[in-house]
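Please keep the sequence and the 3D view open while you read.

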Amino acid sequence: MSDKSEACPSAAPANGRRRFLLGASALPAIAGAGLTLAGAPAHAALKTSAHIVIAGSGLGGLAIAARLSRGLDGAKITVIDRKEIHNYQPGYTLVATGIWPVDKVSDRNVDLMPAGVEWVREMVAEFDPVANAVVTDSGRRIEYDYLVVATGLHLDYAQIEGMDVAAIGSNGLGSVYPGPAAAEATWHAMDSFRRKGGSALMTLPATPLKCAGAPLKMTFMVVDRLKQAGTRGASNIAFHSALDNIFSVPRINDEVLRRWAELDIPVTFNSKLVAVDIGARRATVANPEGERREIGYDFIHVVPPMRAPDAVMNSPLPWQQGGFAAGGWLEVDPGTLRHRRFPNVFGLGDINGTGKGKTAATIKKSAPLVAQNLIDVIAGREPSQHFDGYTSCPLLIREGSALLVEFDYDNRLTPSLPMIDPLQDSYFAWIMKYRLLKPAYMAVLKGRV
Amino acid sequence: MYEIWLTLNILFELGLQYLPEVIGTALLWAMLMLFAATRPGVGWRQGLVPAIAVGAIVTVISFLVTPGMTKSSFANMGYWVDWMNLFFYAAAFGAVAAALAWPIAASMYRTA
């Protein structure tokens, strides 16, 4: 029986009075902000006739398109992506845990595309950086002077035998990553599970992940939802990581493991989800030696292995050796985000083969930097900006509280404001995630911050 | 400076999300001010005290109800940053209430 028709009681839209009050409360500050933003000083644009192609229209693609269209005078900027709906991906975990209604995460891409930018509604099928050209899936060849690769990544569910993305939401199957519908369906599955309780199996693959905090948030929130429903005592939750950790930043890894020990969530390391029998609700995990073991579950959260999209993977652009080669990740210098072998190519966002940085927060910090570095290169200078790998993860730990974790390539915790304690349960971190990060995201997308 | 710029942008985008409500409140305030300003003998100074009192009351109420309205609770106030954030959030409601109350209170203190 499908669980998809079950209600989502915690995700009711805000009522009119609440909307009015929230809008009214922001009035004085917004008036001030509007005046300030309107009066923001404009930098002199660099005159050029360069043609810049941006592959991808996610947050990274749109943010850099907006910045380049302002920072360059006379350039031709082409964005290539068929996507008509722009999804606010950081909101998926809120939808998948019943906190937000699904309609809060989708906007029309046409409303977000910067003015003056050519939008080719096709997908890049082939990158030919030797000839400075891309080929779209309709066979159209587009030549460029400079290229920004912002394609995002590929969710490789095919590596999990028996996995069917269309089945998310049924038979206790959850996975937050594919899109808004899957996130909503995941909540339906979780909501159904929490009413009776049972066994939950939470997973983590071995590949680089976008929003690597999402599997942890989902785990914390399963516990919280079970507690709210009064079924925690009748339930057990097991976390299987294909790695020897659950998060790449040691201090956060240790802190989450400590909390999970208190919450009675055992973790099995080096245990990779390799197969799932959706109808029978049985998962198969394997250790590095290849030994396989079946585990029954009532609810499972599947996190797919991730890699570069085929168009990038099958091109000369990925790393040729090292840890990022297998996934086909873009070979960029981690500091400048400029391609190491094709100097007129830059990478932005999830596609980059760098040690950190597959979150919207990474785009916030790196999009201005890549834009400036590209402008420097067009002007005949060396890139002037250096990226420290900044990323951020508002880590939901229960409904109403979160940790605001920020860090860099070197695993240093780098809070934006000195008074923020990244390891402190916090309402402020919650309100950031729940209310303020989407406005921040929109400002990044428009190239203003 | 960057954090200030980011905060201003967040507020601006937040305002765009609630644009009808923001415009409605601004129009209401402008009409109340116009109404008061065109009446003779309005007590602007005397109206300040009750306006501030209204603002303070709304701030307190907002302080009490905001955690619940944001799917949280006072139990989730972890440290002083949370309390400060909640206070400023509530004070923003209070400031709007005071701004709306001022022309009304001032009109009630007419001397002519």
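## A helix pair in chain A

α3(A) crosses α10(A) in the right-handed sense. A crossing is right-handed if the near helix is turned clockwise from the far one by less than a right angle, and left-handed if anticlockwise. Helices here are DSSP runs (H or I, at least four residues), strands likewise (E, at least two), both numbered from the N terminus. This is a predicted model: local features need pLDDT of at least 70, side-chain atom pairs count only at pLDDT 80 or more, and totals for chains, interfaces and linings use all residues. Residues are numbered from 1 along each chain as its sequence is written, while chains are lettered from A and ligands numbered from 1 in the order in which they are written.

Helix α3 spans residues 59–71 of chain A and helix α10 residues 360–378; they pack at an angle of about 35°, with axes 9 Å apart. Axes are lines fitted to C-alpha atoms over the stretch in contact, and angles run from 0 to 180 degrees between N-to-C directions. On the α3(A) side, the contact residues include A:A63, A:I64 and A:R67; on the α10(A) side they include A:I363, A:P368 and A:L374. Contact means C-beta atoms, placed from the backbone, within 7 Å. The residues of this contact divide into 12 nonpolar, two polar and one charged. Nonpolar covers Ala, Val, Leu, Ile, Met, Phe, Trp, Tyr, Cys and Pro; charged covers Asp, Glu, Lys and Arg; the others, Gly among them, are polar.

## A:L216

A:L216 sits in helix α7 (residues 214–229) of chain A. Why does A:L216 count as buried? Because it has 27 C-beta neighbours inside 10 Å. The cut-offs are 20 or more for buried, 12 or fewer for exposed, and partly exposed in between. Leaving aside residues up to four places away in sequence, A:L216 touches A:I246, A:F247, A:V256 and A:L395.

## Where chains A and B meet

The axes of helix α11 (residues 427–445) of chain A and helix α1 (residues 2–17) of chain B come within 8 Å and cross at roughly 105°. That makes the two helices roughly perpendicular (65 to 115 degrees; under 35 is roughly parallel, over 145 roughly antiparallel, the rest oblique). Among the residues that meet are A:L436 and A:M442 in α11(A), and B:L6 and B:E13 in α1(B).

## Chain B

Chain B has four helices and zero strands. Of its 112 residues, 38% count as buried. Its C-alpha atoms fill a box of roughly 55 × 30 × 25 Å along the principal axes.

Conventions:
Two residues are in contact if their C-beta atoms, placed from the backbone, lie within 7 Å.
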